[in-house]
Amino acid sequence: MRLASKTALITGGGSGIGAATARRFAAEGARVAVVDLDGDAVHSVASEIEAAGGAAVAIVADVSVASAVEAMVATTEEAFGRLDVLFNNAGIMHVDDGDAETTEEAVWDLTMDINLKGVWLGCRYGIPALRRAGGGSIINTASFVALMGAATPQLAYTASKGGVVAMTRELAVIHARENIRVNAICPGPLRTELLMRVLDTEAKRDRRLVHIPMGRFGEAVEIANAALYLASDESSFTTGTEFVVDGGITAAYVTPE
Ligand code: NAD
């Protein structure tokens, strides 16, 4: 098992990438703290893991609130005695996120609070726990939009993900000699709640698919598999990366017919 004897904390674990990763990590032997704002979702994922013979604890927390993030790390250490892998994955894409003129300040602030400050808070309280465990792996979910611009703007979302990539790089350098690795994953468009809520018509979905060389949306488990590599000791010399998992979008100038 690739994560035997490791404990992982996964935010946004109630849905999409986080839920798929919680299941994948547990199947590889990790004890998993599944964290989300949505209590029903997080309890259902944790119960499913336990029913399959795994070890999981469900934690309800808002990643943008410092006291809640401090408590989620403490609860994980109380439940499993240590923290080895921190997956800062929770994020939102607000339906009213637009361009510089149309994005409301409240939408900008909420997006930054969850997508960027949430990752910082996870690191603020998670790094001491990883240090207590003798080191570990931090994985931050960014996006391919941190690397490319789009004509259909989600300015706050894009800026927040750019921040995640820059912060990841710097944290990787700061903590490299403490045996704490820090990497970002940059997923392409996935068939999860987050994106399908925004691409809510076939026309909108088709417009996005035109840009993906593979001609399909990615699946949450395909990001979970990338996270599994970064969480495991197989990636022991990998830190500070932008791990792009995007069906070829960022490689393309023109997509095939
Ligand atoms: P999702 O909507 O399926 O899941 C996100 C989860 O995060 C939800 O369960 C939600 O309740 C939770 N969440 C939201 N705000 C929270 C908060 N303040 N505190 C705790 N939990 C909170 O979305 P997903 O597609 O699995 O997205 C996961 C991550 O992947 C996000 O950071 C997203 O930006 C990123 N991402 C997604 C795509 C995509 O196409 N779906 C592409 C690139 C990056």
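A: Let's start with helix α4, residues 105–132, which lies across β4 (85–88), β5 and β6. Its direction is about 180° to that of β4 (angles, from 0 to 180 degrees, compare N-to-C directions of axes fitted to C-alpha atoms, for helices over the stretch in contact). Helices (H or I, at least four residues) and strands (E, at least two) are DSSP runs counted from the N terminus. This is a predicted model, where local features need pLDDT of at least 70 and side-chain atom pairs pLDDT 80 or more, while totals for chains, interfaces and linings use all residues. Numbering runs from 1 along each chain as its sequence is written, and side-chain values use heavy atoms, with hydrogens and water left out.

Those strands belong to an open sheet of seven, paired in parallel (a pair needs at least two DSSP bridges). Read across it and you get β3-β2-β1-β4-β5-β6-β7. β3 (55–60) and β7 (242–245) are the edge strands, each with a single partner, so one side of each has no neighbour in the sheet. On average, neighbouring strands are turned by 20° against each other, direction ignored.

Now follow the sheet to β7. Its pairing with β6 is parallel and runs over four bridges. Here Pro 187 sits opposite Val 245 of β7.

Over to β1 and β2, which also pair in the parallel sense, this time over five bridges. Look for Ala 8, which stands opposite Val 32 in β2. β2 is mostly covered, with five of its six residues buried (buried is under 20% relative accessible area, exposed over 50%, partly exposed in between, for a 1.4 Å probe and protein chains only). Helix α3, residues 66–80, lies across β1 (7–11), β2 (31–36) and β3. Relative to β3, helix α3 runs at about 155°.

Back to the stretch we began with, α4, residues 105–132. Which residues does Ser 160 touch, leaving out those up to four places away in sequence? They are Thr 111, Met 112, Asn 115 and Leu 116 (contact is heavy atoms within 4.5 Å). Ser 160 itself is part of helix α5, residues 155–175. Its relative accessibility is 0%, so Ser 160 counts as buried.
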